[in-house]
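User: Hi! Could you walk me through this one? I'm new to reading structures.

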Amino acid sequence: MRILGIETSCDETAVAIYESGKGLLDHAVHSQIDLHRQYGGVVPELASRDHVRKVLPLLREVMARTDCSHASIDGVAYTAGPGLVGALLVGAAVGRSLALAWNVPAIGVHHMEAHLLAPMLESDPPAFPFLALLVSGGHTLLVAVTKMGCYEILGESLDDAAGEAFDKTATLLGLSYPGGPALAALALQGNPNRFRFPRPMTDRPGLDFSFSGLKTYAMNTLRKQGNDDETRADIARAFEDAVVETFVIKCRRALRATGMRRLVIAGGVGANQRLRAGLAGMTASEKAQLFYPRVAFCTDNAAMVAYTGWQRLQAGCRETDLAFTVRPRWSLSLLESLESNPECRA
Ligand code: KG4
Ligand code: ZN
């Protein structure tokens, strides 16, 4: 079974092809960073228009590189949500139209399920069950994954997502969009001992997160200490250390509470090297294993969408109605469980 994957939920246009037995054949990503940089963040209408421009050329590129004909595609998977409504509609319209024209089934994929399954594309994928820390620009979720398609949300952010907190703090520090990687780069020059930021919600039981206070803490520190280069780097370091230690504390707590021995980290913030190092140290001391996708599959891509669609199409999920819709807000807990996994609680 050969599946075409399309991702257009935010500011990356991406296309990939995944095949049973062979794995990922190829993928391509077009980033809109240059388009949005001058506005300091993603402009939804510009994002949609750019997806319209880029999705078919990318598709042709990937099909040519893999030597795949239309007739060899057995299904089309596209991101149906959560994300920006106009951006999602581009991928959905293209995905559903191609499926109709090629007479193959289509499936709308949940973007966070795709992030969660991205480590499955690596040579040493995690076995079930595992705990997943999903950290992207819009979501922060701690999920117990018992089987393919069986997800129980154990904790989530009550306010800003981790990536959002990185991006907003980066803006305060005068860094340009996208802020996460820029803040991480600045933090490399920071002194870890000058400031200590709080570790939000770690002093009480539970697995939820709150990151909006850290941004305020950074703003107040900046006001008090002055806006020189050294202070900005020290604040970046203190912010990053606070986020990383908060995740380390909560993930350790979740591993102990569930008795699970595997931790997956995925989503854009999963590209953060200090977070990976912090969780690697914690999992080693807990005698647990840590899994993460390569950096290119932490941030948005279509390989994870093609893989997730392949799993769901194989399990018999498909969209038959000619009408289609997208879901800009879509909780992972509302995701339809896989029919092949009747033990799913979701
Ligand atoms: O998963 P993703 O590519 O898109 C969404 O689904 O949201 O995540 C994007 C987020 C942005 O907030 C970006 O700043 C953050 O991931 N990010 C990072 C790093 N690379 C990307 N945050 C911290 N450190 C990084 N190295
Ligand atoms: Zn994403």
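User: Where is the place of methionine 201?
Analyst: Methionine 201 belongs to the loop between H6 and helix H7 (212-225). Helices (H or I, at least four residues) and strands (E, at least two) are DSSP runs, numbered from the N terminus. This is a predicted model, where local features need pLDDT of at least 70, side-chain atom pairs count only at pLDDT 80 or more, and totals for chains, interfaces and linings use all residues. Residues are numbered from 1 along each chain as its sequence is written, chains are lettered from A and ligands numbered from 1 in the order written, and side-chain values use heavy atoms, without hydrogens and water.

User: And what is phi of methionine 201?
Analyst: Phi of methionine 201 is near 60°, a positive value in a residue other than glycine. Most residues other than glycine have a negative phi, and most peptide bonds are trans.

User: Which peptide bond to proline 82 is cis?
Analyst: The cis bond runs from glycine 81 to proline 82, with omega near -10°. Proline 82 is in the loop between strand S4 (75-81) and helix H3 (85-102). The bond from phenylalanine 128 to proline 129 is cis too, with omega near -5°, and proline 129 lies in the loop between H4 and strand S6 (130-135).

User: New topic! Which residues come nearest to ligand 1?
Analyst: There are 18 residues around ligand 1, and His115, Gly137, Asp167, Gly268 and Asn272 come nearest. Here, near means that a heavy atom of the residue lies within 4 Å.

User: What lies 3.0 Å from a nitrogen atom of ligand 1?
Analyst: That is a polar side-chain atom of asparagine 272. A side-chain N or O atom of aspartate 167 is 2.6 Å from an oxygen atom of ligand 1, and a backbone N or O atom of aspartate 300 lies 3.1 Å from a ligand oxygen atom.

User: How much of ligand 1 does the protein bury?
Analyst: Alone, ligand 1 exposes 560 Å², and the protein buries 87% of that (Shrake-Rupley method, 1.4 Å probe).

User: Which helix gives the most to the shell around ligand 1?
Analyst: H5 does, with 3 residues. Helix H4 (111-117), helix H5 (162-172) and helix H6 (179-187) each supply at least two.

User: Why does ligand 1 lie between domain 1 and domain 2?
Analyst: Because domain 1 (2-116 + 298-344) and domain 2 (128-292) both give residues to the shell around ligand 1. The bounds come from an automatic or database domain assignment.

Note on methods: A polar contact is a pair of N or O atoms within 3.5 Å; within protein, one must be able to donate a hydrogen and the other to accept it, and residues adjacent in sequence count only if both atoms are side-chain atoms.
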